[in-house]
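Hello,

I am passing a structure on to you, and below it you will find an account of what turned up when I went through it. Please keep the structure open while you read, so that you can look up each residue as it is named.

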Amino acid sequence: MYVYDPVDQQLVEQRVAQFTDQTQRFLDGQLTEDDFRTLRLQNGLYIQRHAPMLRIAIPYGLLAARQLRTLAHIARTWDRGYGHFSTRQNMQFNWPKLEDVPTILAELAKVQMHSIQTSGNCIRNTTSDHFAGVAPDELVNPLVWCEIIRQWSTLHPEFAFLPRKFKIAVSGAEEDRAAVGVHDIGLQAVERDGVLGFRVWVGGGLGRTPMVGHLINPFVEWQHLLTYLQAALRVYNLHGRRDNKYKARIKILVKELTPEVYAEQVDEQWQLIKGGPDTLTQEYVDTIAQRFTWPDYDASAAGEPDPTEMHAAAHPAFARWLQKNVRDHKIPGYASVTLSLKPTGVPPGDITADQMDAVADLSERYGYGEVRVSHEQNLVLADVRRSQLFSLWEELRALNMATPNIGLLTNIISCPGGDFCALANAVSIPVAEAIQARFDDLDYLFEIGELDLNISGCINACGHHHVGHIGILGVDKNGEEWYQVTLGGRQNGAAKPLPDLQSTRGGGAAIGRIIGPSFAREQVPDVVERLIQTYLRLRDSDAERFIDVVDRVGIAPFKEDVYSDPAVAKAAPAAREVAHV
């Protein structure tokens with residue numbers, strides 16, 4: 001965990017005092033709604049369909065047990081007893097009262113938390129691999145680099161009012177688990193002649209115009225990372241559209257200029273500041289690293305008796321959980337465990353206050369008091385002794401957090417959708433729950449194998465539907481909800497070799513393709529079932545994944561099977577008229 005220094009703490013406390021005054025002036029009628037909008041967005045406060053929504057920053061998805069307990073306290077005291085983890089590794093509360101928000105922020109400041117830059121046209125929370133620091137395939141621990149970027153970007157005066165929001169992801173491993181290819185800037189650590197550096201992809205993103213980022217520099221030495229980022233953002237700030245929010249993201253600028261021209265302009269700006277005050281030194285990097293509390297691993301863990309295999313043989317449910325929810329650790333005798341927040345009937349990413357407290361307790365008993373938030377809306381205990389896995393599993397079962405579905409169809413990524421969001425065209429949560437109920441059979445799930453299913457309630461794509469192996473998008477047709485389906489998306493190239501230094505496409509990511517006209521809400525589980533049946537018929541072996549079959553045969557066989565299904569054919573004619581977004 002990163003531990004605040006006095007400057008960090010002072011900044012957060014001053015921000016709370018400032019927003020407390022701003023909120024009171026708004027409530028007293030001294031600030032108009034237009035005046036207050038920018039101020040509240042700078043502090044993570046949205047006005048949703050039914051109530052304000054407060055988005056709390058969880059930098060690079062890392063939480064201490066005491067912080068998770070504070071979130072539980074806030075959920076009970078000022079919300080409705082639960083919270084929601086977003087795909088940006090943050091926490092959202094959907095029901096706070098406006099007048100209570102300053103008090104909530106003051107409580108967060110006591111445990112070194114805040115909501116700064118979780119909304120607005122600024123650099124948002126920098127995300128990373130949720131196995132950062134413990135993954136065996138890691139070249140460098142990206143958490144330190146995420147913190148360096150966080151400190152550099154927080155309240156940076158040059159980038160406080162960008163043309164649109166801006167998102168950065170950092171991967172330090174051979175396998176990209178940070179989805180660097182679909183971020184405004186994606187960074188992946190590499191080595192050249194023993195020197196650490198970063199590949200830099202720019203112009204990725206989802207939303208109304210989904211694009212995969214382009215490699216604009218195959219190797220930026222670590223000392224120059226911040227100056228290069230500054231140059232890349234400066235070009236965007238200078239030329240990005242501010243007259244049309246739909247064309248304001250950096251991906252549009254990169255496309256219009258071409259990646260080659262954009263890279264040239266970045267180099268021009270870079271030469272003006274390279275070697276300047278933002279040049280990193282080893283001393284500074286070491287100082288940031290030293291502000292983290294790193295686990296003091298017990299070397300004896302590798303040699304202690306491990307009953308895991310014995311328990312797996314006796315308990316098939318435990319064996320399945322081991323297979324899907326437990327990953328290898330860089331330290332012998334330890335493992336990383338994913339706690340599924342996707343049991344059937346629970347909105348993806350939601351967690352109750354009681355579960356938060358329980359997970360905080362588990363993180364201290366089975367680890368080092370640390371919890372990770374994944375961009376797949378689950379939690380991770382990164383440092384569990386292998387000899388304690390069975391005991392942990394038994395406790396997680398009691399909390400309904402041991403569903404062995406990581407990487408499977410019911411591990412659905414979903415935005416809150418029309419149930420909460422004022423921007424949504426359609427609901428997401430009921431659709432996710434209907435799909436979970438249809439596939440609530442572990443034998444069938446394991447037969448289907450690896451499959452990512454993502455749902456967004458509108459074209460803003462907060463559920464990342466474009467990069468789901470199956471993507472579902474809610475669209476509006478004459479005031480009615482319909483759902484568009486895409487196939488073949490992916491957030492990374494995890495099962496394929498990494499691109500070499502000259503590869504121009506971000507991390508192996510791909511945007512899904514629309515299969516055809518949209519479907520009524522009640523049809524969606526039938527459509528997914530039909531897609532799965534087609535996949536099972538076409539696959540060469542049990543080892544061939546859904547996404548591999550789509551890559552091999554294309555979407556045509558899936559489209560033919562879906563639209564020839566009687567359950568789809570009997571749909572109202574209007575379903576065939578919904579515009580493709």
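**Findings**

A461 lies in the loop that runs between strand 17 (453-456) and strand 18 (470-477). Before going further, please bear in mind that this is a predicted model, and that every value in this message was computed from it. The phi angle of A461 is near 65°, which is a positive value in a residue other than glycine. A461 also counts as buried, because its relative accessibility is 3% and the word buried is kept for residues under 20%.

Although Q377 is not a glycine, its phi is positive, at about 70°, and its place is the loop between strand 14 (370-373) and strand 15 (379-385). With a relative accessible area of 0%, Q377 is buried.

Along the sequence D452 and K342 are 110 residues apart, while in space their C-alpha atoms are 13 Å apart. A179, for its part, belongs to the loop between strand 7 (168-171) and strand 8 (185-192), where it is buried with a relative accessible area of 5%. The C-alpha atoms of A179 and D129 are 8.6 Å apart in space, and the two residues are 50 residues apart in sequence.

D129 then leads on to the charged side chains, for it is linked with D137, E175 and R177 in a network of salt bridges. How many salt bridges does a search of the whole structure find? The search finds 32 of them, and I will go through a few one by one.

One of these joins R76 and D357, whose side chains meet at 2.6 Å, taken from N to O. This pair links distant parts of the chain, with R76 in helix 3 (residues 65-78) and D357 in helix 12 (residues 353-365), 281 residues apart. R76 is partly exposed, having a relative accessible area of 42%.

Another salt bridge is formed by the side chains of R241 and D243, with an N to O distance of 2.7 Å. R241 is partly exposed, with a relative accessible area of 27%, whereas D243 counts as exposed at 61% relative accessibility, because exposed is the word for values over 50%.

E268 has its place in helix 8 (residues 259-273), and it is exposed, with a relative accessible area of 55%.

D328, which lies in strand 11 (residues 326-328), is likewise on the accessible side, since at 60% relative accessibility it counts as exposed. D328 and L229 are 99 residues apart along the chain, and their C-alpha atoms are separated by 33 Å.

Towards the end of the numbering you can look for V568, which is found in helix 19 (residues 566-569) and is buried, with a relative accessible area of 3%. Between V568 and R530, which are 38 residues apart along the chain, the C-alpha atoms are separated by 9.9 Å.

Conventions:
Residues are numbered from 1 along each chain as its sequence is written. This is a predicted model: local features need pLDDT of at least 70, side-chain atom pairs count only at pLDDT 80 or more; totals for chains, interfaces and linings use all residues. Side-chain values use heavy atoms; hydrogens and water are left out. Helices (H or I, at least four residues) and strands (E, at least two) are DSSP runs, numbered from the N terminus. Buried means under 20% relative accessible area, exposed over 50%, partly exposed in between (1.4 Å probe, protein chains only). A salt bridge is a side-chain nitrogen of Lys or Arg within 4 Å of a carboxyl oxygen of Asp or Glu.
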